[in-house]
Amino acid sequence: MENEPSSIFDEEFLTETTIRRRHLLSKPLKRYVWWFLVLCSLGALHTMKELYRAIGDPDREEQAIGQALILVFLVLWVLSSLLILREKKPGILLALIVTGISILLQFFNIGSVLLWPGDHLNPVISTIGTAVISLALEIPYAIMLWKVRTKWEAIDMSRP
């Protein structure tokens with residue numbers, strides 16, 4: 001009798017029955033989050049190195065601006081992955097926004113290469129191939145994020 005709680009709404013009972021947002025994520029979605037976290041972190045490090053090289057050269061001003069924009073985009077992607085892993089509400093929304101922008105940019109990239117192919121065929125094929133592979137990864141990720149978004153927002157956790 002001494003070990004029984006006085007109420008079923010005891011603190012221990014509530015902590016055992018709460019559903020964590022992390023448990024609502026499917027295994028493929030968890031893998032995607034980790035995959036994007038690792039790849040975008042490595043990409044951000046590489047982009048910082050390229051940005052450092054481009055900043056000192058006045059002939060590469062445009063490349064420095066492009067590298068800075070890529071770096072901001074990669075940091076946002078890493079931030080969204082970290083927020084999802086930390087079970088913060090804005091994580092899913094930020095990931096959806098960043099993934100949506102990336103998908104739109106990939107379609108723009110494919111369209112621009114098809115409309116203005118240039119002189120050589122090899123860069124066209126590699127650019128389109130890279131964009132298609134990126135789309136094949138990002139579209140299922142966006143669909144999984146969209147499906148789990150409402151479930152995540154419905155959970156009222158004690159922490160923000």
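Predicted model: local features only at pLDDT ≥ 70, side-chain atom pairs only at ≥ 80, totals over all residues.
Q: Which residues does UniProt list for "transmembrane region"?
A: UniProt annotations may be inferred rather than shown by experiment; feature names are shortened and positions follow the numbering used here. The unreviewed entry lists residues 32–52, 64–85, 92–116 and 128–148.

Q: How much of residues 64–85 is helix, and how much is strand?
A: Helices (H or I, at least four residues) and strands (E, at least two) are DSSP runs, numbered from the N terminus. Residues 64–85 are 100% helix and 0% strand, with end C-alpha atoms 31 Å apart. Residues 128–148 are also 100% helix and 0% strand, and their end C-alpha atoms are 30 Å apart.

Q: At what angle do the axes of H4 and H5 cross?
A: Axes are lines fitted to C-alpha atoms, for helices over the stretch in contact, and angles run from 0 to 180 degrees between N-to-C directions. The axes of H4 (residues 61–85) and H5 (residues 90–115) cross at roughly 145° and come within 8 Å. Residues making the contact (heavy atoms within 4.5 Å) include Phe73, Trp77 and Leu83 of H4 and Pro90, Val98 and Ser102 of H5.

Q: Where is phenylalanine 73, and which residues does it contact beyond its neighbours within four places in sequence?
A: Phenylalanine 73 lies in helix H4. Beyond those neighbours, it contacts Val98, Ile101 and Ser102. Phenylalanine 73 and serine 102 are 29 residues apart in sequence, and their C-alpha atoms are 8.9 Å apart in space.

Q: How much space lies in the largest pocket, and which residues are closest to its centre?
A: Rolling a probe the size of a water molecule over the atoms shows where empty space is left. On a 1 Å grid over the protein atoms alone, where a 1.4 Å probe fits, a pocket is an open set of points with protein on both sides within 12 Å along at least five of seven lines; lining residues have an atom within 4 Å of a point. A volume is the space filled by probe spheres set on the points, which are joined across faces, edges and corners. The largest pocket holds about 510 Å³. Of its 16 lining residues, Phe73, Leu74, Trp77, Ser102 and Gln106 are the closest to its centre.

How values were computed:
Residues numbered from 1 in each chain as written. Heavy atoms only, no water.
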